[in-house]
Protein chains: 2
Amino acid sequence: MKLADLPTPCLVLDRTILARNIRGMAAALSRLHVPLRPHMKTAKSIDVARLATHGQPGGITVSTLAEAEYFFGHGITDILYAVGITPQKLQSVCEMNATGAQIIVITDDPTMADTIAAHPSPPRTLIEVDSGEERGGVLPGSDLLLELAARLGTCLTGVMTHAGHSYAGRGVREIERIAEAERGAVTRAAERLRDAGYAIDIVSAGSSPTARHAGNLAGVTEIRAGVYMFGDLFQSEIETHGADAIAVTVLTSVIGRRPGRILVDAGGLALSKDRSTEATPHDYGYGLALDIEGNRGFGNAIVRRAYQEHGVVELDPTYPVDLPIGAKLRIAPNHTCMTAAAHDRYFVVDGDQDVVAIWHRVNGW
Amino acid sequence: MKLADLPTPCLVLDRTILARNIRGMAAALSRLHVPLRPHMKTAKSIDVARLATHGQPGGITVSTLAEAEYFFGHGITDILYAVGITPQKLQSVCEMNATGAQIIVITDDPTMADTIAAHPSPPRTLIEVDSGEERGGVLPGSDLLLELAARLGTCLTGVMTHAGHSYAGRGVREIERIAEAERGAVTRAAERLRDAGYAIDIVSAGSSPTARHAGNLAGVTEIRAGVYMFGDLFQSEIETHGADAIAVTVLTSVIGRRPGRILVDAGGLALSKDRSTEATPHDYGYGLALDIEGNRGFGNAIVRRAYQEHGVVELDPTYPVDLPIGAKLRIAPNHTCMTAAAHDRYFVVDGDQDVVAIWHRVNGW
């Protein structure tokens, strides 16, 4: 099967680029002697998880219980569910753990800590630390950190943080500084807890930009990152990776032709309405049009408007193209996590147009 | 089963509001003596299609071949596939039509018109007319209109247009004017084709705003509209419906608490990254927080930030709330079509918290 034979829109995953991205991150972290607990929220695929955990301890991170169930069903037991736990979800986690999973949960809430500790078979729990993102987590120097530890008691296994504000960083130097702040916050929390007598086995940190550019990870026991596997225009713009590292694209067909632009059958659903490159040096609209081989054959042709099933590609006047109705091209996404979520499978290629595998995704909740 | 028992995030559909919205649109069009060919791109559900076609001729509109296959599999044969056809998709349509479907396609491209006409069993075809949106379609006064008709020959069944630029309209008067321009364009195209000797059976127009506010539909044989069934914050802002007409919400749980805001488990995937109310009088961020009963119990509490699985709800200082971890609330969406697409089913209620049915959706392509 060739890309040209596929119904559109659909998701294409270039395994050659994927493997290179995975090797690159593994090498970067290996130099700092920290293992990777890959975040599967972007890929949501056991096939990708097998590649991403290769040579690593084997644990993964997930963002939904649906992912936890799916990966546990495929034999992965060491799973960190990295979204604040609720009483209802705690019950689901404990049921999976009763059948052999070893799901770790996170919290930053005192009442929830009591609920976890009161469970007859509580899961291992990490305290979420805020390293500057101001989304979830407690400050590493706060009284609340020690209060949470006291309430969790023997459930307490460690601390975790996510420097999501690294996405607002511009330039490698700034991201290095955020990485150091991330490390500083989570290791300080760990030290305070150890000083208070708690055993802290896991000191978990990470985001793709900070994981890629950290200069020092002393005291961190594991790194979590996910989007680095696939890459996207946004991560390229903030220098997490190069422009040739985008492994996932949306295959689409021309459905209309007008002077200076084409209509394609990848719209807001197939691409997502994510506009994250709006805040970067180069705004790619809803994505960058590539030729069917995945090359930049159309210059700066970007998806300027996105309706539900229609994308309007504004052509680059310096790259004249004349594509008939039904011609296929590929769109590099702004934000792979959002784009991939609209699709239930990957059509896998190895650097050319031959589809060598179909890999499924676990979407939803 | 109660809403409080459901895993979150998930999609809630209030059938009472849905039925009222469907009755309202049917009544508005009945006054103008035009039947409805409801667009199922928003609901993507046979259960909703049955309600939306009640008292109408029974045909529907779809936006994907997956919808066409699904609805045909559920017994609906008269289907307008309202996205420009390609050679590959034409083949799929003809295969379905060979087994009893009566799928109508659209085109605005001369080469594609030849491909349709050359097929041994071509589908009925409408010429897409541009009534001002400047997305797809030919101008009603253009030579291309007559050229397309000549190329299509006996496949030609009618004309269609979509005044999608009505979404940029503000106020009922402006939308009435756009509705009249939509009618004028598509009926002018029909008249020119009839004058040239073609039989034009279908003169199809519509968008939810213009369908709701058209003052005159003389010459139009059917109206297509979809989002009116569910409503959303954007359609409310542009006065397609009232603020009490939003039938679809996302049920979510509190997963974090900070002064002045809460974290919920509905993020960019469960809500979509659509920001359409950014352009309306009231910007609702990524959605408006409602209490579990669907009422505006939290004032102007909006989802200010949306990460993949985290939403940050900025609380309204005039509505103090103290929700514990795990408490459930509902988020009214900016743009229902985008939000619903992340979910594979509806949990149906009838104006209260009892789940009375689960209806499935046909996502993807």
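How many residues of chain B are in contact with chain A? In this predicted model, 45 residues of chain B are in contact with 44 residues of chain A, and the views below begin with that contact.

**View 1. The side of chain B that touches chain A.** Helix 4 (87-98), helix 5 (110-118), strand 9 (248-258), helix 10 (268-271) and helix 11 (336-340) of chain B each supply at least two residues to this side, and strand 9 of chain B gives the most, with four residues. Sorted by class, the residues on this side of chain B are 18 nonpolar, 17 polar and 10 charged.

**View 2. Helix 5 and helix 6 of chain B.** The axes of helix 5 and helix 6 (residues 143-152) of chain B come within 8 Å and cross at roughly 20 degrees; because angles under 35 degrees count as roughly parallel, helix 5 of chain B is roughly parallel to helix 6 of chain B. The crossing is right-handed, and the residues that make the contact include A113(B) and I116(B) of helix 5 together with L148(B) and R151(B) of helix 6. By class, this contact has six nonpolar, no polar and three charged residues.

**View 3. The open sheet of chain B.** Seven strands with parallel pairing form this sheet in the order 2-3-4-5-6-7-8, with strand 2 (60-62) and strand 8 (222-223) of chain B as the edge strands, each pairing on one side only. Within the sheet, three bridges join strand 4 (residues 102-107) to strand 5 (residues 125-129) of chain B, and I106(B) stands opposite L126(B) in strand 5 of chain B.

**View 4. Helix 7 of chain B and the strands it lies across.** Helix 7 (residues 172-195) of chain B lies across strand 5, strand 6 (156-161) and strand 7 (202-205) of chain B, and runs at about 160 degrees to strand 6 of chain B.

Note on methods. Residues numbered from 1 in each chain as written. Chains lettered and ligands numbered in written order. Predicted model: local features only at pLDDT ≥ 70, side-chain atom pairs only at ≥ 80, totals over all residues. Contact = placed C-beta atoms within 7 Å. Nonpolar A, V, L, I, M, F, W, Y, C, P; charged D, E, K, R; others polar. Axes fitted to C-alpha atoms, helices over the stretch in contact; angles between N-to-C directions. Parallel < 35°, antiparallel > 145°, perpendicular 65-115°, else oblique. Left-handed = near helix turned anticlockwise from the far one by under 90°. Pairing = 2+ DSSP bridges.
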